[in-house]
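Here is a short briefing to read beside the sequence and the 3D view. Look up each residue as you meet it.

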Amino acid sequence: MSAWWVIAKKELATFFRDRRALLNQVLLPVLLMPLFMFAPTLLVEQLSQGAVQKVQKIAVAGLPQAVTRALAAARLQLVPEPDPATAVREGRADAGLVFVSGSYRVYARVSQDGLKAQVVVDKVRQVLEAQKREMVARTLRQAGLDPSVLEPFAVSVEDVSPPSAKGVGFLAFLVPMFLLIFVMNGSLPVVLDVTAGEKEKGTLEALLVTPVGLPSVLFGKMFAALVAAVMSTASGVAGLILGARLAAGLDSGGLQAAGFSLSLTPGMLLAVLVTGVLFAAFAVSLQLMFGIFARSYKEAQGYMSVLYLLLVLPAAMLGFVSGFVEVGPGLLAIPVVGPFFFIDQVLRAKADLLGYAVTWGSSALYALAALFLAYLSFSREEVVFRN
Amino acid sequence: MEPGIEVRGLIKRYRKTLALSGIDFSVAPGEVFALLGPNGAGKTTTLRILAGLIKPSGGHVRVAGADPVREPMVVRHRLGYVSGGMGLYERLTGEEVLSYFGRLYGLDDRALHQRIAELDAIFSLGRALATRVEEMSSGMKQKVLVARAFLHRPRILLLDEPTQALDVFARRALLDHLETLKRDGRAVLYSTHVLPEAEEVADRVGFLHRGRLVYVGRVEEAKTRFSAPTLEHAFIRAVGEVEA
């Protein structure tokens, strides 16, 4: 049996016996991802619908009769107030409406009440817009004109994206971001345990005095951390997809429109998996390098937090502008950012052969370079015995 | 005769600190050499250099006929090492720890099983074999640690505070086993600050103080040389002479 495999097996056995780590890294992502990802969306939807159905109190002043009737018909309770703005500010009404010198002014606690206020404002606005259209139409008819002159043509938008890309919008951003997060988090307990943890417990010295070459020691540790990272990532992505399926079962139309519908072909899944593993090899090697440098578990946790922010934050921030970025070989060759955009491309069925070659080739090179840096770190006595 | 340990003019510098300033000693096969000194004297540094874990800044070292810097794998195959700061894997049982290290030393399943049974007989590992390290007493842990160093029948043994935390029975078993090792021609470098223990097991001693070996010789000669009733008194007087 190869020495690296003996070491990897031991590290994995240690990891699998740590129930807390298993729960945090493998089980919780499957259970919590659906909850975190889709429960808020569904909740907001339910609350918005509830707010639409609810009868809100509107403080009004100086409204024409026609508008008053239309507002009352739209499930709004009108309360005459000399100063509607004050009534709203003091919480005596959900919104206020004043008609002065030919214009309507709507008062609401927009910043304070957020979505709840927005729903009331929208209800009022819809009534006023309908009133406006009716008045315009009446005036045009009185002038002998057909109201349809105001709409000489109609505009419609058709989504001609491939079927796999339809409805994936938001997930194309979320999947790569969570993949990076899960890779970094998943490997963490193993990396901390096999580097600073071994130093702190005094087991590293016992291991290094065995007739096993440093490459085998490092590769065994890296392999175990990689398995933990891949397990955690697979669990997280599975949770994400499970959440999407569950949510689609509850409300398929709304979620597809919001970009929460994801259907992966086996090829796409394999592409995401290979990209994830290559990124994980890069991230785990960097974690090993910093982990072995730390004097203690606590110090290593500090380094890992910084590394996490350095790797995940830029990619996550770039995700917000992904739709505007021209994804070419140059971008795909950048560490972290490349795999992030590549997975986005895969999920939108836009990845081409050059993209595969550049992303996987550069990721493999970065992983090897990071592994070499970790090797240099492990081979320096002032690092290994820095305590 | 197979070579033991040879140390000539060994120097180790950590940046501006001189940890070892040119020490010389040797350990012959079938001999127990006790390296004695307080914390910070340079004992652990010496042992780590002999084990090929750190590189010397100067001087020459041979362990079982090999150079730990140029041939670290050869040295490590022939070496058993217990250090005071060493620990064990918390979530493994004693048997799993021994199996893990045994496999790293190249033992197959049959040899491993047989060797663990032998070490169980010597050190009374008993319950420690089936108990997870996290549930072991410190004495049980130390027994497993010591047994780990003997797994591959090393020709050279570097034992740094090996009886620390051992109960009286296990301690006795280890000290008695040293006699067997001597008869088998193993070279043992025994580092401790428990001087009565060193007086019992060592053929020769070396007094290490602030990176300098201030005395090397037989136990009885040390007592005579410093007019001391015990090795402990001899050590204190030797250090006192240097300080003066």
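Lys182(B) touches Gly30(B), Val32(B), Val201(B) and Asp203(B), leaving aside residues up to four places away in sequence. Contact here means heavy atoms within 4.5 Å. Lys182(B) sits in helix H6 of chain B, residues 168-183. Its relative accessibility is 16%, so Lys182(B) counts as buried. Buried means under 20% relative accessible area, exposed means over 50%, and partly exposed lies in between (1.4 Å probe, protein chains only).

This is a predicted model, in which local features need pLDDT of at least 70, side-chain atom pairs count only at pLDDT 80 or more, and totals for chains, interfaces and linings use all residues. Residues are numbered from 1 along each chain as its sequence is written, chains are lettered from A and ligands numbered from 1 in the order in which they are written, and side-chain values use heavy atoms, with hydrogens and water left out.

**Helix pair in chain B**

- Helices (H or I, at least four residues) and strands (E, at least two) are DSSP runs, numbered from the N terminus.
- Helix H5 of chain B spans residues 138-150, and its axis comes within 11 Å of the axis of H6(B), crossing at roughly 15 degrees.
- That angle makes H5(B) roughly parallel to H6(B).
- Axes are lines fitted to C-alpha atoms, for helices over the stretch in contact, and angles run from 0 to 180 degrees between N-to-C directions.
- Angles under 35 degrees count as roughly parallel, over 145 as roughly antiparallel, 65 to 115 as roughly perpendicular, and the rest as oblique.
- H5(B) and H6(B) cross in a left-handed way.
- H5(B) brings Lys143(B), Val146(B) and Phe150(B) to the contact, while H6(B) brings Ala170(B), Leu174(B), His177(B) and Leu181(B).
- By class, the residues of this contact of H5(B) with H6(B) are 5 nonpolar, 1 polar and 1 charged.
- Ala, Val, Leu, Ile, Met, Phe, Trp, Tyr, Cys and Pro count as nonpolar, Asp, Glu, Lys and Arg as charged, and the others, Gly among them, as polar.

**Helix pair in chain A**

- How do the axes of H3(A) and H6(A) cross? Helix H3 (residues 65-73) and helix H6 (residues 115-142) of chain A have axes that come within 10 Å and cross at roughly 135 degrees.
- H3(A) and H6(A) are therefore oblique to each other.
- Their crossing, H3(A) with H6(A), is right-handed.
- A crossing is left-handed if the near helix is turned anticlockwise from the far one by less than a right angle, and right-handed if clockwise.
- On the H3(A) side, Ala66(A), Val67(A), Ala70(A) and Leu71(A) meet Val124(A), Val127(A), Leu128(A) and Gln131(A) of H6(A).
- This contact of H3(A) with H6(A) has 7 nonpolar residues, 1 polar and no charged ones.

**Covered helices**

- Helix H13 of chain A, residues 337-347, is mostly covered, with 11 of its 11 residues buried.
- Among the buried residues of H13(A) are Phe340(A), Phe341(A) and Phe342(A).
- Leu331(A) lies in helix H12 of chain A, residues 329-332.
- Leu331(A) is buried, at a relative accessible area of 18%.
- Its contacts, residues up to four places away not counted, are Val325(A), Glu326(A), Val337(A), Gly338(A) and Phe341(A).
- Helix H1 of chain B, residues 43-50, has 7 of its 8 residues buried, so it is largely enclosed by the rest of the structure.
- The buried residues of H1(B) include Lys43(B) and Arg48(B).

**Positive phi**

- Most residues other than glycine have a negative phi.
- Ser101(A) has a positive phi near 45 degrees.
- Ser101(A) sits in the loop between strand S3 (95-100) and strand S4 (103-108) of chain A, and is exposed at 77% relative accessible area.
- Arg153(B) has a positive phi near 50 degrees.
- Arg153(B) lies in the loop between H5 and strand S6 (156-160) of chain B, and is partly exposed at 43% relative accessible area.

**Domains and distances in chain A**

- Chain A is divided into domain 1 (3-36 + 167-384) and domain 2 (55-147), with bounds from an automatic or database domain assignment.
- The centres of domain 1 and domain 2 of chain A, taken over C-alpha atoms, are 53 Å apart.
- Ala154(A) is in the loop between H6 and helix H7 (169-201) of chain A, and is exposed at 76% relative accessible area.
- The C-alpha atoms of Ala154(A) and Ala300(A) are separated by 62 Å.
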